[in-house]
Amino acid sequence: MTQLTILRYPDPRLHTVARPVVQFNAPLRELAGAMFQTMYEAEGIGLAATQVDVHEQLLVIDVSEAHDQPMVLINPEIVWSSPETRTGDEGCLSVPGIYDGVERSLAVKVEAFDLDGKRRVIEAEGMLAVCIQHEMDHLKGKVFVEYLSPLKRNRIKTKLIKQLKEEARDAVA
Ligand code: K2U
Ligand code: ZN
C-alpha cells in the first residue's frame, strides 16, 4: 500500500476547503487504505485527506488502543455539538512537535457516509469527539494552531519553516 506525504504547516494547501466526495469507487477505497497506512506509520489517531493534498471530504480515524478499530467518514457533517466544552492539548501530524490547548465540544453527533456510500450516524464523546472535530477542521482548511494567539502562531510558523530549511539542507549534505 502507498505511503503518502503529509503536508506540513504553514503549507498553504492545508487551507484548501475540501469538496464533497461524489464517486464511491475503488480509487476512493485505495486512498482510504493509503491514508490509514500513513496515519498508523505516523502514530496518529486521525488523518484528513486535506493533509495528504487530496481535497475531498474524507477522513480516517482509529482511536483504539490496539489500532484495530478503523473508521472512515465521508462527507461528514456535525449535526449536534454538546454545549459543554473542554480545553485539551492537541497535536497534529501537519504541525510536528507542537502541542497546545484547544477548546472542543465534549460530545458530537455526526452524519457521514462509509466507503459503500451507506449513511452512518456517529455519536462520539471523549477523544473520538475531539479527533472528529480536529479532522473536520482540516476539511474546512483549518489547522488547530489557528485557535492560538497570533504571537504563538507566528512563533510556530517561524520554528517549522526553520525546521524545514534544516531538513532540506541536511538532505543535500
Ligand atoms: O489531524 C491530525 O494530524 C491527526 C491528529 C488527530 C488528533 C489531534 C488532536 C487530538 C486528537 C486527535 C494526530 O493524531 S496528532 C497525534 C496524536 C496521537 C495520539 C493522541 C492525540 C494526538
Ligand atoms: Zn491535524
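Biologist: Which helix gives the most to the shell around ligand 1?
Modeller: In this predicted model, that is helix α2, residues 126-139, with six residues in the shell. In total, 15 residues surround ligand 1, and the closest are I45, G46, Q51, L93 and E135. A residue counts here if one of its heavy atoms lies within 4 Å of the ligand.

Biologist: How do the residues of the shell around ligand 1 divide into nonpolar, polar and charged?
Modeller: Six are nonpolar, six polar and three charged.

Biologist: How much of the accessible area of ligand 1 does the protein cover?
Modeller: On its own ligand 1 has 470 Å² of accessible area, and the protein covers 84% of that. Ligand 1 sits in the largest pocket.

Biologist: How do you know that C92, H134 and H138 coordinate the zinc ion (ligand 2)?
Modeller: The atoms are SG of C92, NE2 of H134 and NE2 of H138, at 2.1 to 2.2 Å from the zinc ion. A donor must be an N, O or S atom within 2.8 Å, so these three count as donors. Their spacing in sequence is C-x41-H-x3-H.

Biologist: Why does the pair of C92 and H138 tie together parts that are apart in sequence?
Modeller: Because C92 lies in the loop between β4 (85-90) and β5 (100-105) while H138 is in helix α2, the pair joins parts 46 residues apart in sequence.

Biologist: What is the peptide bond from Y9 to P10, cis or trans?
Modeller: The bond is cis, with omega near 10°. P10 belongs to the segment before α1 (26-41).

Methods
Residues numbered from 1 in each chain as written. Chains lettered and ligands numbered in written order. Predicted model: local features only at pLDDT ≥ 70, side-chain atom pairs only at ≥ 80, totals over all residues. Heavy atoms only, no water. Areas by Shrake-Rupley, 256 points an atom, 1.4 Å probe, with all protein chains shown as cover. 1 Å grid on protein atoms, 1.4 Å probe; cavity = no way out; pocket = protein on both sides within 12 Å on 5 of 7 lines; lining within 4 Å. Sits in = over half its atoms within 2 Å of the grid points. Helix = DSSP H or I, 4+ residues; strand = E, 2+ residues; numbered from the N terminus. Nonpolar A, V, L, I, M, F, W, Y, C, P; charged D, E, K, R; others polar. Donors = N, O, S within 2.8 Å, 3.2 Å for Na, K, Ca; no water.
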